[in-house]
Amino acid sequence: MAEHGIGDRPEYLTPVPAQETVPDAGLLLAAVARGEEKAFGRLYDLVAPRVYGLVRRVLRNPAQAEEVAQEVLVEVWRTATRWDPQRGSATAWIFMIAHRRAVDRVRAEQAAGDRTVRAGVASVDTPYDEVADEVAVRLERQQVRHCLDVLTEVQRQAVTLAFYQGHSYPQVSELLRVPLPTIKSRMRDGLIRLRDCLTPEVAA
Amino acid sequence: MTDDVHSLIGAYVLDALDDIDRAAFDRHLRDCDVCRLEADELFEVTARLADGAWSVPPPRLRDNVMAEITNTRQLPPAIPPRPQQRSRRGLRLVAAAAAVVTAAGAAGVVYQIQDQRVRETQSRLEAARASEARVRSILGAPDVQTRSEQLKSGGQVTVASSRLQNAGVILLAADSAPGPGRVYQMWTIQAGAPASAGALGVGQAAAVQVVEGLPGMSNVGVTIENAPSSATPTAPLDALVNLA
């Protein structure tokens, strides 16, 4: 509970109504697939900070991030009917769309020879102290960080350079000065190790 | 071969593949249930990585999104069993094609790749988005065939060709741009007669080019020419891809 320390601001715990539970993204997305706009509004509130945060982290440009996040969220509405719960969670599906869109934008700009590097401009994350499930989120972040630490250095770099920076695997190979086949397998091994670390132990 | 493609699964899930590899991997997933399971599992892992990047968006984003969805029709559910389902995770092409100018006309049209330094980034990005759909339809065609050759100057040229689409995509990825005043130029060859398929800009080492009517041609060639381009290919060829 006393997990301060990530940010430099005090932690306000917004009073959360006692039995208000975090809505389930899967139920909401299923309702969205039936055209329920209200459900979409709730889904928005649940995932938009992560969609925006992810896109912004990859693009490093708040204006572009806003534009791409909007595209992503409208795409979620438009294609909700195609989400297949058997294949994956609603959030994984949404972040998959978000990440791919962000990376597409990075590549488009690189190909146009105009990668505007504006890192640093207003790149401080918006405070998330209004977020109701903040504590859960923070614990989650901690777990992810912990699990990243379990990886070997090359695995961790390969995964994070691709995921958070939007680099292609040849670019990662160049950056780390590690041969292509090695990078491919480090990415895979790294993700598998992360999976094993993040997945709760099944009680025997 | 299958093992070779499958080794890309991590890069695929991390969106670290280029268009051609991504298309190849999507086809691989279509035929391999186990691989699809593994990919789905790894997507759950990357979703957790996304959790680490939380940032509250500007409040107007919500208004904009809510306003836009009221005017956006939802796709119908995919009824055909499995192959269709995958389109959502399917080809989402990187617009590495930003340099491509879409083909407006019939086969054999010569389209010049715009100089990289043209200022209008916006118009290039729009051109890229327009051509992205075409590139996607070609690379996603069930009958697409890819062939690669090394460039003598270092690097690789890959040609993806689909008879069903009656079109192809040339993906040129040189290790470095040719010397000052020199450019890469791509050619299609039909019955021994070469036609330009576009030249890159000075300093440019990579391009994605759509060529309508490509399956009717016998070869794709790459040369190094004086900028901005040449009317006929200058020997020696830097690479020759046999399409037959």
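1. Two strands count as paired if DSSP finds at least two bridges between them. Keep that in mind for chain B of this predicted model, where four strands form an open sheet in the order S1-S2-S3-S6, with antiparallel pairing. Strand S1 (145–150) and strand S6 (206–212) of chain B stand at the edges with a single partner strand each, so one side of each has no neighbour in the sheet. On average, neighbouring strands of this sheet are turned by 15 degrees against each other, direction ignored. The strand names come from DSSP: helices (H or I, at least four residues) and strands (E, at least two) are its runs, numbered from the N terminus.

2. A word on reading the model. Residues are numbered from 1 along each chain as its sequence is written, and chains are lettered from A, with ligands numbered from 1, in the order in which they are written. Because the model is predicted, local features need pLDDT of at least 70 and side-chain atom pairs count only at pLDDT 80 or more, while totals for chains, interfaces and linings use all residues.

3. Let's look inside that sheet. Strand S3 (residues 167–174) of chain B pairs with S6(B) in the antiparallel sense over seven bridges. B:Leu172 stands opposite B:Ala207 in S6(B).

4. Which strand of chain B is joined to S4 by eight bridges? Strand S7 (residues 219–226) of chain B is, and it runs antiparallel to strand S4 (residues 182–190) of chain B. Here B:Gln185 stands opposite B:Thr223 in S7(B). S7(B) also pairs, in the antiparallel sense and over four bridges, with strand S8 (residues 239–242) of chain B, where B:Val220 stands opposite B:Val241.

5. The peptide bond from B:Ala227 to B:Pro228 is cis, with omega near 0 degrees. The bond from B:Ala235 to B:Pro236 is also cis, with omega near -5 degrees.

6. Now to the two chains together: 67 residues of chain A are in contact with 60 residues of chain B (contact means that C-beta atoms, placed from the backbone, lie within 7 Å). Helix H2 (37–59) of chain A gives the largest share of the side of chain A that touches chain B, with twelve residues. By class, that side has 30 nonpolar, 16 polar and 21 charged residues. In this scheme Ala, Val, Leu, Ile, Met, Phe, Trp, Tyr, Cys and Pro are nonpolar, Asp, Glu, Lys and Arg are charged, and the others, Gly among them, are polar.

7. One helix pair links the chains: the axes of helix H3 (residues 62–79) of chain A and helix H5 (residues 59–70) of chain B come within 10 Å and cross at roughly 40 degrees. A:Trp77 is among the residues of H3(A) that meet H5(B), and B:Ile69 is among those they meet.

8. Finally, how confident is the predictor? Chain B averages a pLDDT of 76, and 77% of the residues score at least 70 (pLDDT is the predictor's confidence in each residue, from 0 to 100). Please treat residues 82–125 of chain B separately: pLDDT stays under 50 there. For the complex, the predictor gives an ipTM of 0.79 and a pTM of 0.59.

Notes. Axes are lines fitted to C-alpha atoms, for helices over the stretch in contact, and angles run from 0 to 180 degrees between N-to-C directions.
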